[in-house]
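Me: I am meeting this protein for the first time. Please take me through its structure by question and answer.

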Amino acid sequence: MASNPPTTTSKVKPPTLLSMFTLFAKYRPTLNSFQGDGKRILLSQSDCWMQQANLIGPKHFTLTQTGLIFFEFRKSTLDYDEYLQFLALLCNEKQISVEEVKEKLTNCGPPGITS
């Protein structure tokens, strides 16, 4: 009886908001010397993420709005839980669905990829 070799099907896990947060929190935009550890995100990293997710513009948010809300936390970086609060405040101000924003952020691809 011949045994078939085990087939390895590598299933790629779909991205989650947390996994994307980690990627963008590690991402270093060209003008920034900060190399993140993936646990805290800078405003510049968040803005880069939002631009990639097509959330910066007339239908969603401006960079001024993201900056004003971010700095309400009085910190230079936010952890994941604080970032969720940031998104809730930002969406509440613009009356945009936070779930829609989370979906766009989750599905925009890793840093530097244009979707």
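This is a predicted model: local features need pLDDT of at least 70, side-chain atom pairs count only at pLDDT 80 or more; totals for chains, interfaces and linings use all residues.

Me: What percentage of the residues of the protein count as buried?
Reply: The protein has 115 residues. Buried means under 20% relative accessible area. The share of residues that count as buried is 38%.

Me: Among contacts with a separation of 6 or more, what percentage comes from residues 24 or more positions apart?
Reply: The contacts considered here are those with a separation of 6 or more. Within that group, residues 24 or more positions apart account for 57%.

Me: Which residues of helix 2 meet helix 1, and how do the residues of the contact divide?
Reply: The crossing of these two helices is right-handed. From helix 1, Leu17, Met20, Phe21, Phe24, Ala25 and Lys26 take part, and they meet Gln45, Cys48, Trp49 and Gln52 in helix 2. The residues of this contact divide into seven nonpolar, two polar and one charged.

Me: How many aromatic pairs does a search of the whole structure find, and what is the geometry of Phe21 with Tyr80?
Reply: The search finds nine aromatic pairs. In the pair of Phe21 and Tyr80, the ring centres are 5.4 Å apart and the planes stand at 75°. Planes over 60 degrees apart count as edge-to-face, so the pair of Phe21 and Tyr80 is edge-to-face.

Me: How many residues apart in sequence are the parts that the pair of Phe21 and Tyr80 ties together?
Reply: Phe21 lies in helix 1, whereas Tyr80 lies in helix 4, residues 80-94. The pair therefore ties together parts whose separation in sequence is 59 residues.

Me: Is Phe21 buried or exposed?
Reply: The relative accessibility of Phe21 is 1%. Buried means under 20%, so Phe21 counts as buried.

Me: What kind of aromatic pair do Phe21 and Tyr83 form?
Reply: Phe21 in helix 1 and Tyr83 in helix 4 are 62 residues apart, and their pair links distant parts of the chain. Both residues are buried. With 5.6 Å from centre to centre and 55° between the planes, the pair is tilted.

Me: Which residues form one aromatic cluster?
Reply: Phe21 and Tyr80 form one of the aromatic pairs, and both residues belong to the cluster. Its members are Phe21, Phe24, Tyr27, Trp49, Phe70, Phe71, Tyr80, Tyr83 and Phe86.

Me: At roughly what angle do the axes of helix 3 and helix 4 cross, and which residues of helix 4 meet helix 3?
Reply: The axes of helix 3, residues 63-71, and helix 4 come within 10 Å and cross at roughly 130°. Their crossing is right-handed. Gln65, Thr66, Ile69 and Phe70 in helix 3 meet helix 4 at Phe86, Leu89, Leu90, Glu93 and Lys94.

Me: Where is Asn54, and what is its phi near?
Reply: Asn54 has its place in the loop between helix 2 and helix 3. Its relative accessible area is 53%, so Asn54 is exposed. Most residues other than glycine have a negative phi. Phi of Asn54 has a positive value, near 60°.

Me: Is Arg74 buried or exposed?
Reply: Arg74 is found in the loop between helix 3 and strand 2, and its phi is positive, near 55°. At 75% relative accessibility, Arg74 counts as exposed.

Me: Which residues does Gly109 touch, not counting residues up to four places away in sequence?
Reply: Gly109 is found in the segment after helix 5 and is buried, with a relative accessible area of 18%. The C-alpha atoms of Gly109 and Met20 are separated by 8.0 Å, although the two residues are 89 residues apart along the chain. With residues up to four places away left out, Gly109 touches Met20, Phe24 and Gln52.

Conventions:
Residues are numbered from 1 along each chain as its sequence is written. Side-chain values use heavy atoms; hydrogens and water are left out. A crossing is left-handed if the near helix is turned anticlockwise from the far one by less than a right angle, and right-handed if clockwise. Helices (H or I, at least four residues) and strands (E, at least two) are DSSP runs, numbered from the N terminus. Contact means heavy atoms within 4.5 Å. Ala, Val, Leu, Ile, Met, Phe, Trp, Tyr, Cys and Pro count as nonpolar, Asp, Glu, Lys and Arg as charged, and the others, Gly among them, as polar. Rings of Phe, Tyr and Trp (its six-membered ring) pair if their centres lie within 6.5 Å; planes under 30 degrees apart count as stacked, over 60 as edge-to-face and the rest as tilted. Buried means under 20% relative accessible area, exposed over 50%, partly exposed in between (1.4 Å probe, protein chains only). Axes are lines fitted to C-alpha atoms, for helices over the stretch in contact, and angles run from 0 to 180 degrees between N-to-C directions.
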